Amino acid sequence: MSDDDKYPAESGRRRFVKGVVGGGALAGVGATGAISVNSLTTASGAGGGTVTAKVVENVAGPAPRGMPQIPIEIDDEGNIKGVWPEVKDKDVQGITIKIAETEDYKGSGVTYTQEWFQYCGLQANNGLKPTYESDNYLLSDGGTKYAWQREELSGGDKLNISDFEGYEEWGNGVGKSGIGKPAMATWRSGDSENPIPVNVIRSDLIEEAAQDNDWLAASTDRGVMAYLNKCSHFCCVPGFKTNSGSAKYDAENKIYCQCHQSVYDPYSIVDAIYTALPRPAE
Ligand code: FES
């Protein structure tokens, strides 16, 4: 069976739209009691507690839920930013804390909050401090697993829409070509030893789905979509088309975590409810 037979473009489009539409119904599936939180510690830290996030859907393996999406914007020069929510004061159990949160993000009806990213130790990461100063550009990861990116970019370069030229046909021998061109990036990390890992994909499947979906229209641009690349199982960094062995798990056209074979579908953005860990007290 050829790759085209396994993953026809038409059916890929339908899957995406179906996944997005079905997001509400799937929300409960993403709920997990695996992470517990002491509400007393919530008050002293910044945020934490039950949150509904937009995630790339977890479709197989032990991961309890998907990985959170990061809304992007593209500036006048074509450079791609991961949007950070608005920083504001919030009253939590009688204590005022700073939190980054945007209600009704760009009219999508979605509350976008830093709490989406508070798992796997990232809740203590400097870059997730609400007030951490950053221009929020997505920077090319020096250790990228994509040959095109190693050849054309250096670690720390801003990712630019022009870097994704040829995305309609791009392929690297893993799975099917023409479903999206990926890049690995860091976000809000400066020269941190523990940078925040992000994956970016530009795909016409994403562009098409955004045409009739308020959230995708608000959070993606020209088919460019980003997500936090941290497995919700035991925090490994998965890969989109980085491992030919992923075909064994039907994951060669998806995001595959090599640690315990969790699979995520970047073309299916759904709601996930989970317990965000509180940030440590300042
Ligand atoms: S599947 Fe276990 S860390 Fe990703």
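1. How many bridges join strand 5 to strand 6, and in which sense do the two strands run? Strand 5 (residues 87-92) and strand 6 (residues 95-102) are antiparallel and are joined by six bridges. Strands here are DSSP runs of E with at least two residues, and helices are runs of H or I with at least four, both numbered from the N terminus; two strands pair if DSSP finds at least two bridges between them.

2. The model is predicted: local features require pLDDT of at least 70 and side-chain atom pairs pLDDT 80 or more, whereas totals for chains, interfaces and linings use all residues. Residues are numbered from 1 along each chain as its sequence is written, and side-chain values use heavy atoms, with hydrogens and water left out.

3. Within the hairpin of strand 5 and strand 6, two residues lie between the strands, and glutamine 93 adopts a positive phi near 50°. Aspartate 91 has threonine 96 of strand 6 as its bridge partner. Strand 6 also pairs with strand 7 (residues 112-113), antiparallel and over two bridges; there, threonine 102 is opposite tyrosine 112.

4. A separate point concerns the open sheet of nine strands, whose order is 8-9-10-11-2-1-14-13-12 with antiparallel pairing. Strand 8 (139-140) and strand 12 (239-240) are at the edges with a single partner strand each, so one side of each has no neighbour in the sheet. Strand 1 (residues 49-60) is joined to strand 14 (residues 262-276) by 11 antiparallel bridges, and asparagine 58 is opposite tyrosine 264 of strand 14.

5. The largest nonpolar core has 62 residues, and those touching the most other members include Trp116, Phe117 and Trp187. Such a core is a set of buried Ala, Val, Leu, Ile, Met, Phe, Trp, Tyr and Cys residues joined through side-chain atoms within 4.5 Å. Strand 14 contributes the most to this core, with seven residues. Leaving aside residues up to four places away in sequence, tryptophan 116 touches, among others, Val51, Pro68, Trp215 and Tyr274 (contact means heavy atoms within 4.5 Å).

6. Asparagine 213 is located in the loop between helix 6 (204-209) and helix 7 (214-219). Is asparagine 213 buried or exposed? Its relative accessibility is 17%, so asparagine 213 counts as buried (under 20% relative accessible area; exposed is over 50%, partly exposed in between, with a 1.4 Å probe and protein chains only). A polar atom of the asparagine 213 side chain lies 3.1 Å from the backbone nitrogen of tryptophan 215. Serine 108 is 105 residues from asparagine 213 along the chain, yet their C-alpha atoms are separated by 8.7 Å.

Notes. A polar contact is a pair of N or O atoms within 3.5 Å; within protein, one must be able to donate a hydrogen and the other to accept it, and residues adjacent in sequence count only if both atoms are side-chain atoms.
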